[in-house]
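Here's a walk through one protein, going from helix contacts to a few individual residues. Keep the viewer open and follow along as you read.

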Amino acid sequence: MYHGVTRKRYSSCYWLLVHEPEFMRQMEHLTRYFNVIPGSRLVDQQPLEPRSTVITFDDGMSSVAEVAAPIMRKLKLPSVCFAVPALSEMQVEISSGNIFDSIVRTKATTLDLTPYGLGKFDIPGDEDERSTIGIAINRELKSRPEGSTAPVVEAIRLQIGSTERADTSPFRLMTKAQLQKLAADPLFEIGGHTNYHITLSSVSDEKQKEEIRSCIDKLTGWGIEPISLFCYPSGRFNAATKTILEQAGIKAAVATTDGLQDRIGDPFEMKRISVGIDTGIYEFKARMSGLYYALMGETK
Ligand SMILES: [Zn+2]
């Protein structure tokens, strides 16, 4: 499970953004020792070869088209990119990335979210300490009902501003045209990730249905089809989510549970190996081999 791949090396607190040379090393390792298969092979009912691996990118960040895609083409590696078409179309970042980036980069020294039950924060000078505030706020907001978080996001924006222009933000999403271009390349498959990056388990079944349907309809309307794979935003879902996905024609869905996926397992709860900015090549190899999970025990 990847998110963004960037040419610039960000500090380790930007966990979602893997640095290009590190990504290249990881892809070379997969090319040499693993059988990288297209996501569609997960749902075609054919037996999988040993060491079968599917590479996924969540959120459809523009760095996937700009930085990762040329590497994938060079090494002829297939992958799946999970898109949030409404946000891509509006060129609005996913709010967690936006909040995180704003807090790490702001010149403000305090942030008062007392009216929203989050307390008051002194923003420290150290980037890593700042990132822990960003992570804590995002974690708290994710646990709240969807729709109740917009005033908090707005309050953060008003108090500390968005310090980077959207066109240079590392969390920028692909445009509609970039998604269409990627989808037209047989090496890339586009999967659904809701229309607005909604935490599905915190909304009504009706709202879940609307988010899933509108995501698929929008992508299909852009000529991107079939949409047979899905990724749960923030890894959250409930029993209703799976039924709705099946009814919408989705054949398999990936979660954020960290680990190796068994041959036999719920196709709507597929585990993945999380790769972030601080995943070194030896850890990457240990995770891919299964050794890491054998030693650590599988965790959520
Ligand atoms: Zn996501």
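## Helix contacts and a few residues to look up

Arg25, Gln26 and His29 on α1 meet Ile281, Phe284 and Lys285 on α10. Sorted by class, that contact has two nonpolar, two polar and two charged residues. Before going on, keep in mind that what you're looking at is a predicted model.

Helix α1 has another partner, too. Helix α2 packs against α1, and here the α1 residues involved are Glu20, Phe23, Met24, Met27 and Thr31. From α2 come Val67, Ala68, Ile71 and Leu75. This time the classes work out as seven nonpolar, one polar and one charged.

Here are the two pairings set out together:

| Helix pair | Residue ranges | Angle | Axis separation | Crossing |
|---|---|---|---|---|
| α1 and α2 | 20-33 and 62-75 | about 25° | 11 Å | right-handed |
| α1 and α10 | 20-33 and 281-289 | about 35° | 10 Å | right-handed |

How do α1 and α2 run, roughly parallel or roughly antiparallel? Their packing angle is about 25°. Angles under 35 degrees count as roughly parallel, so α1 is roughly parallel to α2.

### Two domains

Now zoom out. Where they touch, nine residues of domain 1 are in contact with nine residues of domain 2. On the domain 1 side, you'll find three nonpolar, five polar and one charged residues.

### Buried or exposed?

Gly191 sits in strand β9, which spans residues 188-192. Is Gly191 buried or exposed? Gly191 has 26 C-beta neighbours inside 10 Å, and 20 or more make a residue buried, so Gly191 counts as buried. Leaving out residues up to four places away in sequence, Gly191 touches Gly39, Val80, Phe82, Ile227, Leu229, Phe230 and Cys231. Have a look at Ile224 as well: Gly191 and Ile224 are 33 residues apart in sequence, with their C-alpha atoms 9.3 Å apart in space.

Glu206 belongs to helix α8, residues 205-221. How many other C-beta atoms does Glu206 have within 10 Å? There are 10, and 12 or fewer make a residue exposed, so Glu206 is exposed. Glu206 and Ser148 are 58 residues apart along the chain, and 17 Å separates their C-alpha atoms.

Last stop: the loops. In the one between α8 and β10 (229-231) you'll find Pro226. A cis peptide bond joins Glu225 to Pro226, with omega at about -5°.

Then check phi for Arg51. Arg51 is not a glycine, yet its phi is positive, about 60°. You'll find Arg51 in the loop between β3 (35-36) and β4 (52-53). With 13 C-beta neighbours inside 10 Å, Arg51 is partly exposed.

Ser234 is not a glycine either, and has a positive phi of about 60°. Look for Ser234 in the loop that connects β10 and α9 (239-247). Ser234 has 19 other C-beta atoms within 10 Å, which means it counts as partly exposed.

Methods. Residues are numbered from 1 along each chain as its sequence is written. This is a predicted model: local features need pLDDT of at least 70, side-chain atom pairs count only at pLDDT 80 or more; totals for chains, interfaces and linings use all residues. Axes are lines fitted to C-alpha atoms, for helices over the stretch in contact, and angles run from 0 to 180 degrees between N-to-C directions. Helices (H or I, at least four residues) and strands (E, at least two) are DSSP runs, numbered from the N terminus. Angles under 35 degrees count as roughly parallel, over 145 as roughly antiparallel, 65 to 115 as roughly perpendicular and the rest as oblique. A crossing is left-handed if the near helix is turned anticlockwise from the far one by less than a right angle, and right-handed if clockwise. Two residues are in contact if their C-beta atoms, placed from the backbone, lie within 7 Å. Ala, Val, Leu, Ile, Met, Phe, Trp, Tyr, Cys and Pro count as nonpolar, Asp, Glu, Lys and Arg as charged, and the others, Gly among them, as polar.
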